Amino acid sequence: MRTGFLFVLIAAMFAAPVAAQDRMPPAPYAYRQLDDPALEAKAQALMETIRCLKCQSQSIADSDAQMAGDMRHEIRTRIAAGESPGHIRKWLIDRYGNYVSYKPEVNSVTWPLFVIPLVLLVVGLLLMRHRFRKSA
Amino acid sequence: MIAEFGLAALWLAAALALLQLFGAFAGVRGGSADLVAVVRPAAVVQAALTGLAFLMLIWVFARTDLSVLLVASNSHSEKPLIFKISGAWSNHEGSMLMWVVIMAVSGGLIALIERRLPEKTMLATLGAQAFVSLGFYAFLLFSSNPFERLSPVPVEGAGLNPLLQDTAAAVHPPGLYLGYVGLSVAFSFVVGALLTRNVTPDFARVMRPWVLGAWIFLTLGITAGSYWAYYELGWGGWWFWDPVENASLMPWLAATALLHSASVLAARDALRTWTVMLGVVAFSMSMIGTFLVRSGILTSVHAFAVDPERGNFILALLAIYIGGALALFAARASTIAEGERFALMSREGALVVNNVALSAILGIVLLGTLYPLLTEAFGVRVSVGPPYFNPVSASFFLPMLLVLIAGPLLRWRRDSFARVQRSVVLAVSVGLVVLFGVGVLAGLGILPLLGMALAAAVAVAAFAPLRGRSLRRLPLPVWGMVIAHFGIAVSLFGVACDSALTVEKLAAAKAGDTIAVGPWQVTLDSIEPVAGPNWTAIEGRMTARYDGGEGRELAPQARSFWAPPQETTESALLTRWNGQLYAVLGKEAADGRWQVRLWWKPFVTWIWFGGILIALGGLLSLLGRVTGDLRLRERRRLIAQRHGEAVS
């Protein structure tokens, strides 16, 4: 009975981001910082790179949406529990897809994002070399 | 009647644009003089007609004539007059009309005053201008008619998005549009020069004021938009790398590069192909920007028009203009002679670095903006945000600033580093002192640290070109350059400080509570209800003390608008020279306390002061160029006159 209650409580906590209705009061850490400044800074840095799924190009650190508040709560709680930001990001991506993270990972879809700037750099350097070799 | 009058004026203007195109075509082909004579007057009359149409639209908005569909869906009788008027262009149709008006007025202006280029090149330019305008007239008349009637007439309008009922939001779109259109004029000159094989320093001189003007307005538009996002969205963020923001940044980057390469072409007859290419790119970027914002392809505050038909229309225009321009460029690029040569260690060399770096940053922003749209088309959703844009663009931007330290000091064609060594060493040492001074004091991130150091170095270097010169005799464009470069340093310093030193405090407070944030002590005195013309609000009255000093009041509000129903947070700001205190009132918690969000943002205002300085630099430069041109024209007139007298 007691374990069952605890289970429901934990399940409710994890389900909060999806199940949250606009009428529910905001989750405790949605608008409250962690007491430890170092942990808060860590959480803040992570939150700034997580997309608010209900907003227009805002991170969850910049949003009044209920869902963003719930995700802030989730992140602060997990950071306080000692989880690493990388691990939390991975958990969020598993749950919501790559779309939730503003920090694109290098994979089979996103590689051009990282290769093209390098190509631009090389082309730029070649252009300049070509230009100045002729004139020298 | 008023609306129909406006619509008729628009149709007439479109017909004149068609006439202008035919006349110009005949002119370039050496056709009948009668048809050619019509080109310039057609452009001037178009400007008057579209201006008239725009006045009609403002009139129906000011009177809240609800029988006009656009007014009914975007305005409301109980709205302050200023926002009724700005409502005329805070929507898709009105803003496109504004675009067309600005374009026609610019076209009329060049038709009226510009006589420095060979007449054939001018005709080709005006023809290109008419060709671009026609696309926009068609778009306006066939898929975005601002004067459409509505029947039956509704009792009340739907209202304007409260986020847009704001002064910065009222001036931000016209600023950007003036910029976009200025670049389209520059593009017309490029097409004219390409068609008539006339890429000369004169062409660069004629085009330059338009690029400068466009660039000034883009700078101001971006600055105003960024400040609007900062105080209106309520979280203190000022740049989100949102596709719509990028849509305004990309033309700015292209225009900045074009501006610098056009100076090289005008002064030294070098970089001809490059300048022409950048002219095409700059216009393409403003078209892509318009497409992104106006097609509704992005879901954003800005994408009012979620309408695929319009999207397809703009996409077709985009393909015709950019495709046509690139094809023309490809066909004619080989016929443009290379121009004057120069060494790497020269003013031109430094400007080439500026051009290459800006183009690379432009490429990165374009890639990061379009890539998610591309993958989405294939069913994969990814997000590209600040963790990508910041470091990747900084890796080109920061080296470019290093070159900026020395570039303006170098002589044209060929120079030696030894000659400018003293100034460069001074600037770099100032940068290093800041780097190590700040680096030792606080554990900051690498990018903000480099930003601060480079800002200091660039600030010192910006004034180096003044050394040893008579300040009273210094030409205005040099002042413009000094101030604009100094503005870059100021802005960069603000960005670096904001990202590294901001202190955030979220608290639940009741009346009488005091919250500490950074050097500030903020007391929540009371919570009061207040009412405005079209909203009610809960206001948090606060007193803030800086370092235990005198109390200053601030009152953030949580506003509820009723037309349309929407809640917004109105942040309250206290500005000091060294930063801003930013306060937001959130919701009431269950225990009767109120959520309060406070930020102390050191030097954040420098971001926008820098933007204003950059625009001011551009303005001085523009004034210098235009007065120089006028003086030259007057001198030529006098010489011609004297010559005439001597002959007679």
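Two strands count as paired if DSSP finds at least two bridges between them, and this criterion is applied below to a predicted model.

**Figure 1. Pairing of β1(B) with β10(B) in the predicted model.** Seven bridges join β1(B) to β10(B), the strand made of residues 594-602 of chain B, and the two run antiparallel. Within this pairing, L506(B) has R597(B) of β10(B) as its bridge partner.

**Figure 2. The largest nonpolar core and its surroundings in chain B.** This core has 190 residues, of which A186(B), V211(B), A254(B), A255(B) and V458(B) touch the most other members. Helix α9 of chain B, which covers residues 201-232, gives the most to the core, with 18 residues. Domain 1 (1-165) and domain 2 (416-502 + 604-648) of chain B both give residues to the core, and it therefore lies between them. A second, separate core is formed by 25 residues, including L524(B), A544(B), V584(B) and V596(B).

**Figure 3. Contacts of A255(B).** When its neighbours within four places in sequence are left aside, A255(B) is in contact with L183(B), V211(B), A214(B), W215(B), L218(B) and A282(B). Two residues of this view, A255(B) and V211(B), are also among those that touch the most other members of the largest nonpolar core.

**Figure 4. The side of chain B that touches chain A.** Here 38 residues of chain B are in contact with 33 residues of chain A. The elements that give two or more residues to this side of chain B are the helices α13 (347-377) and α14 (386-406) of chain B. Of the elements on this side, α13(B) gives the most, with ten residues.

**Figure 5. Chain B as the setting for the close-up views.** Chain B has 18 helices and ten strands, and its C-alpha atoms fill a box of roughly 90 × 75 × 55 Å, taken along the principal axes. A compact globule of 648 residues would have a radius of gyration near 26 Å, and the 27 Å of chain B agrees with this. Buried residues make up 52% of the 648 residues in the chain. Among contacts in chain B between residues at least 6 apart in sequence, 74% join residues at least 24 apart.

Methods
Residues are numbered from 1 along each chain as its sequence is written. Chains are lettered from A and ligands numbered from 1 in the order in which they are written. This is a predicted model: local features need pLDDT of at least 70, side-chain atom pairs count only at pLDDT 80 or more; totals for chains, interfaces and linings use all residues. Helices (H or I, at least four residues) and strands (E, at least two) are DSSP runs, numbered from the N terminus. A nonpolar core is a set of buried Ala, Val, Leu, Ile, Met, Phe, Trp, Tyr and Cys residues joined through C-beta atoms within 7 Å. A residue is buried if 20 or more other C-beta atoms lie within 10 Å of its own, exposed if 12 or fewer, and partly exposed in between; C-beta atoms are placed from the backbone. Domain bounds come from an automatic or database domain assignment. Two residues are in contact if their C-beta atoms, placed from the backbone, lie within 7 Å. The radius of gyration is taken over C-alpha atoms; the globule rule is 2.2 Å times the number of residues to the power 0.38.
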